[in-house]
Structures are given as C-alpha cells and as structure tokens.
Amino acid sequence: MSDRIEIPPTFPTVGDVRGKRVVLTGAGRGLGELLAHAFSRAGASVALVARTERDLKTVADTLPGPVLLFGGDVRDVAFNDAVADGTVEAWGGVDAWICNAGISPVVAGPLKTDPDVWRDVIDVNLTGAFLGARAAARVMTAGGRLIFTGSVLGERPARGLAAYSASKAGLVGMAKALALDLASAGITVNVVAPGWFDSPLAAGWKSNDRLERSILDHTALQRWGRPGDLAGAYLFLASAAADFLTGAVLNVDGGYLLK
Ligand SMILES: NC(=O)c1ccc[n+]([C@@H]2O[C@H](COP(=O)([O-])OP(=O)(O)OC[C@H]3O[C@@H](n4cnc5c(N)ncnc54)[C@H](OP(=O)(O)O)[C@@H]3O)[C@@H](O)[C@H]2O)c1
C-alpha cells in the first residue's frame, strides 16, 4: 500500500454555484442585495426574500439570471413554507438557503431597551433564521446548504447591543446544533460572520467618529469591509468545495476578532 495520499482526478471549483437554486433572505438592500448579485452573476437562480416588494423588484431588475420574488416576513412560519414550496414549484428544488435578514435597532443599555424591541431582534435575527432553516430542511430532500449571516458582535459584543449580540451568538449555537441534526439528510449548516461592512445597517456607526475610530483600531486590516469582500465566503459555502464543512463560523472581518 502506498504511503502517499490518493489524489482525486479533479477538484471542485471553489465558489462554483452554476445552476444552483438559492433562497436569499434580506435581499432587498445592503449585504443581501450584493449577495444576490454575486450569486446571480455566478450562474445561480436566486429567490429573493424581504418585506418590501419594491426593493426586491429593484434588485431583481438588475440581475442577469433567473429570479423569484417573495415579499413577506421571515418571522412568519407560513411565509417561510410558502417560499420553500414556491421555489420548488418553480425550479424543482432548493440547493441553498441563506438566512441573511436581520435588524439592529437603536443602541441602548438594558434599562432603556424596550422589551418589545428585544423580542423583535430575537424574532427576526434568530427565530426567523430557524424558521427558514426548518422550511428549507423540509424541501432539501437531496441535501443542501444552510448559511446564516451572523456577526462578529455575536462573538465580541459591543455596548448597548445586548439583543443583537444575543441573536447572533444564538445563531452560532443553532447552526452547530442543526449541523448535527441535519447531517444525515446531507444538509450542511454554517455561519458567515461579517465584520464591519459599509451598508445602510451600519450607517449609524459609520457616522459616529468615536465609534468608527474604535472599529478601525480593532480591525487588523484597518478599513471597513468593501462589497467585494463578503460574497466569496458565501459562494464557497454553497459550492461543492465546501462539501465537508459543517457547523463552522467563517469570520469575514479583516481581523477584527484578532485584537
Ligand atoms: N452591515 C454590516 O456591517 C453587518 C455586519 C455584520 C452582520 N450583518 C448582518 O448582515 C445581515 C444584513 O445586514 P445589512 O447590513 O444588509 O442590513 P440592511 O441593509 O438593513 O438590510 C436588511 C435586509 O433584511 C430585510 N429584513 C429585515 N427584517 C426582515 C423581516 N422581518 N422579514 C424579511 N426580511 C427582513 C430588509 O428588508 P425589509 O425591511 O424590506 O424586510 C433588508 O432587505 C443582517 O443579518 C445583519 O445583522 C451586517
């Protein structure tokens, strides 16, 4: 027997998502909009999800490939099931489901955090992702990919963001548990945790000089994330190159969590 590793005849192409059927939540603007472009340009069919249908149409109009639009709320069980069924009806299946919809309301300490705001953040960011994963798992009969958008704030919280940090830390625990639960169905579950990206959600932080300084001081690469920086991690996770990766967190953060 040879003591050399067996070299396969071919290797999967990293990020090859041609022909994949991808559901993408939070696709009306921000990071979701850019992921829609990245997947569509890479040859995937994308089913876009957000509450504001006008935004979805705007995004869809600029995409080169097949698109479906689903206007609704990720907190709604029946809506998630309708997205799954509608995608299967149109395209015959779902290969990847990216739970990216998220909110981050006004920063406040615990005494100033309205309990309803706390519930909203957990409902959208965590429960919404669970309901998406649940709907996806039902229709991914031939295996598939679940990808959650987490945040570096799930690992290193910032002041006044308890609900947001809890929701994103919760996503990591949930992804690991679901990775175990869904492995036998051939479904992998991973988290992409972006650092600080220039997007509408981060506008409040970017306009605060002190906060921006602290963000840049912590980010080893000393800059905000640019649109082109993020998509590679998602494309990788959705491609055959990531077949053996599950329960992982990819921090796309310019080294923010290093220091
Ligand atoms: N920007 C950053 O620097 C950064 C860093 C780390 C992590 N993240 C995470 O990345 C994700 C996207 O953030 P972003 O910066 O792109 O935010 P954004 O610009 O505010 O976009 C959020 C998207 O989610 C949708 N959405 C919000 N609540 C929803 C709901 N209940 N049901 C369905 N769709 C909903 C929004 O559309 P509607 O309001 O029309 O529904 C919108 O399309 C979030 O999970 C966020 O936590 C962002």
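The following dialogue reads a predicted model of one protein chain, from its overall build down to single residues.

Trainee: What should I keep in mind about numbering and about the model before I read any feature?

Mentor: Residues are numbered from 1 along each chain as its sequence is written. The model is predicted, so local features need pLDDT of at least 70 and side-chain atom pairs count only at pLDDT 80 or more, while totals for chains, interfaces and linings use all residues, and side-chain values use heavy atoms, with hydrogens and water left out.

Trainee: How many helices and strands does the protein chain have?

Mentor: Helices (H or I, at least four residues) and strands (E, at least two) are taken as DSSP runs and numbered from the N terminus. On that basis the protein chain has eight helices and seven strands. Its radius of gyration is 18 Å, close to the 18 Å that the globule rule gives for 259 residues, so the chain is as compact as a globular protein of that length; the radius is taken over C-alpha atoms, and the rule is 2.2 Å times the number of residues to the power 0.38. Along the principal axes, the C-alpha atoms fill a box of roughly 60 × 50 × 35 Å.

Trainee: What share of the residues counts as buried, and what supplies the exposed area?

Mentor: Buried means under 20% relative accessible area, exposed over 50%, and partly exposed in between, with a 1.4 Å probe and protein chains only. Of the 259 residues, 46% count as buried. The chain exposes about 12900 Å², of which carbon and sulfur atoms supply 55%; these areas come from the Shrake-Rupley method with a 1.4 Å probe, and for residues only the protein chains shown count as cover.

Trainee: How should I read contacts along the sequence, and what share of them joins residues at least 24 apart?

Mentor: A contact means heavy atoms within 4.5 Å. Among contacts between residues at least 6 apart in sequence, 69% join residues at least 24 apart.

Trainee: Which residues of helix 7 are buried, and where around the axis do they lie?

Mentor: An α-helix has 3.6 residues a turn, so residues three or four places apart point the same way. In helix 7 (residues 209–218) the buried residues are Glu212, Ile215 and Leu216. They cover an arc of only 95° around the axis, which puts them on the same side of helix 7; the arc is that of the directions from the helix axis to the C-beta atoms. Helix 6 (203–206) is included in what covers them.

Trainee: What do the buried residues of helix 8 pack against?

Mentor: In helix 8 (227–238), the buried residues are Leu230, Ala231, Ala233, Tyr234, Leu235, Leu237 and Ala238. They pack against helix 1, strand 4, strand 5 (144–149), strand 6 (187–194) and strand 7 (249–252). From the side of helix 1 (residues 30–41), one can look at Leu31, which lies in that helix and is buried at a relative accessible area of 17%. Leaving aside neighbours within four places in sequence, Leu31 is in contact with Asn100, Pro194, Phe197, Ser199 and Leu230.

Trainee: Is Gly72 buried or exposed, and what does it touch?

Mentor: Gly72, in the loop between strand 3 (67–71) and helix 3, counts as buried at 17% relative accessibility. Beyond neighbours within four places in sequence, Gly72 is in contact with Ala50, Arg51 and Phe79. Gly72 and Thr52 are 20 residues apart in sequence, and their C-alpha atoms are 7.6 Å apart in space.

Trainee: Which contacts does Ser45 make, and is Ser45 buried or exposed?

Mentor: Ser45, in strand 2 (residues 45–50), is buried, with a relative accessible area of 10%. Neighbours within four places in sequence aside, Ser45 is in contact with Lys20, Arg21, Val22, Pro66 and Trp91.

Trainee: How far is Pro110 from Gly160 in sequence and in space?

Mentor: Pro110 and Gly160 are 50 residues apart in sequence and 7.2 Å apart in space, C-alpha to C-alpha. Pro110 is found in the loop between strand 4 (96–99) and helix 4 (115–139), and at 72% relative accessibility Pro110 counts as exposed.
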